[in-house]
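Please consult the sequence and the structure shown below while reading.

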Amino acid sequence: MAIWFERMAAIPGVRFAGSPGVVRDALAEARVRPEVSYGSPMWPTTEGSTSATPASRHVPVEASGEDLVARVWEALELPGEAMDYHFVLQGAVDRLWSGRRSYPGGLELLEVFALLDLELMETVPQAVSFDTGSNPTSFVHVTSVPRLIMLLEREGAFGDALGVARRLARFDQGEDAVARLSEKIGALAAEAAVGGAA
């Protein structure tokens, strides 16, 4: 049976303490609990029931800008599975990147959400794997963290980008970024050494 959590902050080992500015008790689905049907949790809805958790249903497809950010923070306070929180965060990163011209302030939150997603992946690798068991060996393709690596690289924060890429490499992704960034940092160090000697 799938393991669900009351909120992302309830996942053991996750350092995330909770969503800023969200009053969890004010969220209608914060106290919803599933019923088990044929070994699977079924979540009550106004239309009946669904296998989709409250967290996975909370962010509408059309949400953008500040509304998107607010809905994501709320979703992290709702019951869900680790994979649900991953997809909420990854979807937010992708949408904030796509909407960066109309909502430039979203780039800062893109970084926050991508780092939260990476922390979730590191704490609960099952969030990005369909393998059963506690030690998954194959992982789904992640887009949130590579997007952050690209953004940091564009900003010239090569060391930060390399650190994130190395963390992502654990999931059999990001190795090309590690090689590229290591080469860039090495070239910059060599250039600085030559310039300092002149």
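**Pocket and salt bridges**

The largest pocket holds about 370 Å³ of space. Fifteen residues line this pocket, and I3, E81, Q126, S129 and D131 are the closest to its centre. The model is predicted, so local features need pLDDT of at least 70 and side-chain atom pairs count only at pLDDT 80 or more, while totals for chains, interfaces and linings use all residues. Residues are numbered from 1 along each chain as its sequence is written, and side-chain values use heavy atoms, with hydrogens and water left out.

**Pocket terms and lining**

- A pocket is an open set of points on a 1 Å grid over the protein atoms alone, where a 1.4 Å probe fits, with protein on both sides within 12 Å along at least five of seven lines; lining residues have an atom within 4 Å of a point.
- The volume is the space filled by probe spheres set on the points, which are joined across faces, edges and corners.
- The lining of the largest pocket comprises nine nonpolar, four polar and two charged residues.
- Ala, Val, Leu, Ile, Met, Phe, Trp, Tyr, Cys and Pro count as nonpolar, Asp, Glu, Lys and Arg as charged, and the others, Gly among them, as polar.

**The salt bridge of E77 and R24**

- There are nine salt bridges (a side-chain nitrogen of Lys or Arg within 4 Å of a carboxyl oxygen of Asp or Glu).
- One of them joins the side chains of E77 and R24, at 3.9 Å from N to O.
- This pair links distant parts of the chain, 53 residues apart: E77 is in the loop between α2 (65-75) and α3 (82-98), and R24 is in the segment before β1 (35-37).
- Helices (H or I, at least four residues) and strands (E, at least two) are DSSP runs, numbered from the N terminus.
- E77 is buried at 2% relative accessibility, and R24 is buried at 13% (buried means under 20% relative accessible area, exposed over 50%, partly exposed in between, with a 1.4 Å probe and protein chains only).
- R7, R24 and E77 are linked in a network of salt bridges.

**Salt bridges between helices**

- D94 and R147 form a salt bridge with their closest N and O atoms 3.4 Å apart.
- Because D94 lies in helix α3 and R147 in helix α5 (residues 144-154), the pair ties together parts 53 residues apart in sequence.
- D94 is partly exposed at 22% relative accessibility, and R147 is partly exposed at 22%.
- E122 and R167 form a salt bridge with their closest N and O atoms 2.8 Å apart.
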